[in-house]
Amino acid sequence: MENNNMKKLLIVVDMQNDFIDGSLGTEEAKQIVPAVVKKIEEYQGEDCEILFTMDTHYENYLETLEGKKLPVVHCQKGTQGWELCPEIAAFEGTRFEKPSFASLDLGRYVGGREYKSVELAGLCTDICVISNAMLIKAVLPGTPVKVDSSCCAGVTPESHKNALEAMKMCQIDVL
């Protein structure tokens, strides 16, 4: 029986300046900003919770394994590129800094609660969105997990589509 007191959860993944119009920005990322803002507005209210992840790196980024595989400095804590984009920064919600693709702190937080559903939106579909969606699916195996494809963008349009197909195979509902 469904518990009507449970909240719906929206997780906004890495809507940071460097992924939109900064060092790793794309036209597709710029284009989804209004849709993500609208999605956040839909989740305003008592029966909803909104969480944000923020890719977070430091001065030694290029020395890390990720930095060696992707040698583009981005989302360095304290820089403008690390900040959430202006259209999204004003929204309230707990923020989880993460040094890698998926946020273990987010997983621990969500895993200790019950939700009616969980929806993810943000960047990049093929790296951090899919990683966090799989993490949420693992810690909440009985909860519907959704990804709104119109509120996500990948590194390339092709990798975006591939990630959406992979998530479908893992019983994540792609809208």
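Contact here means heavy atoms within 4.5 Å. With that in hand, welcome to the tour; the model on your screen is a predicted one.

**Stop 1: a loop residue**

Start by selecting Thr 26, which sits in the loop between helix 1 (17-20) and helix 2 (27-42). Is Thr 26 buried or exposed? Its relative accessible area is 17%, and since buried means under 20%, Thr 26 counts as buried. Now show its surroundings: leaving aside residues up to four places away in sequence, Thr 26 touches Phe 19, Ile 20, Gly 154 and Val 155.

**Stop 2**

Next, select residues 104-111, which form helix 5. Colour Leu 106, Gly 107 and Val 110, the buried residues of this helix. They span an arc of only 100° around the axis, so they lie on the same side of helix 5. Then turn the view to the face pointing away from that buried side, where you will find the exposed residues Leu 104 and Arg 108.

What do the buried residues of helix 5 pack against? Bring up strand 1 (7-13), strand 2 (48-55), strand 3 (94-98) and strand 4 (115-123), together with helix 6 (125-139).

**Stop 3: helix 5 with helix 6**

Two packed helices are described by the angle between their axes and the distance between the axes. For helix 5 and helix 6, the axes come within 9 Å and cross at roughly 30°. Angles under 35 degrees count as roughly parallel, and therefore helix 5 and helix 6 are roughly parallel to each other. Their crossing is right-handed.

To see the contact itself, select Leu 104, Leu 106, Gly 107, Val 110 and Gly 111 on helix 5, and Asn 132, Leu 135, Ile 136 and Val 139 on helix 6. Colouring these contact residues by type gives six nonpolar, three polar and no charged.

**Stop 4: on to helix 7**

On the helix 6 side, pick Thr 125, Asp 126, Val 129, Ile 130 and Ala 133. Their partners on helix 7 are Ser 159, His 160, Ala 163, Leu 164, Ala 166 and Met 167. The residues of this contact divide into seven nonpolar, three polar and one charged.

Methods: Residues numbered from 1 in each chain as written. Predicted model: local features only at pLDDT ≥ 70, side-chain atom pairs only at ≥ 80, totals over all residues. Heavy atoms only, no water. Buried < 20%, exposed > 50% of the residue type's maximum accessible area, 1.4 Å probe, protein only. Helix = DSSP H or I, 4+ residues; strand = E, 2+ residues; numbered from the N terminus. Arc of directions from axis to C-beta. Axes fitted to C-alpha atoms, helices over the stretch in contact; angles between N-to-C directions. Parallel < 35°, antiparallel > 145°, perpendicular 65-115°, else oblique. Left-handed = near helix turned anticlockwise from the far one by under 90°. Nonpolar A, V, L, I, M, F, W, Y, C, P; charged D, E, K, R; others polar.
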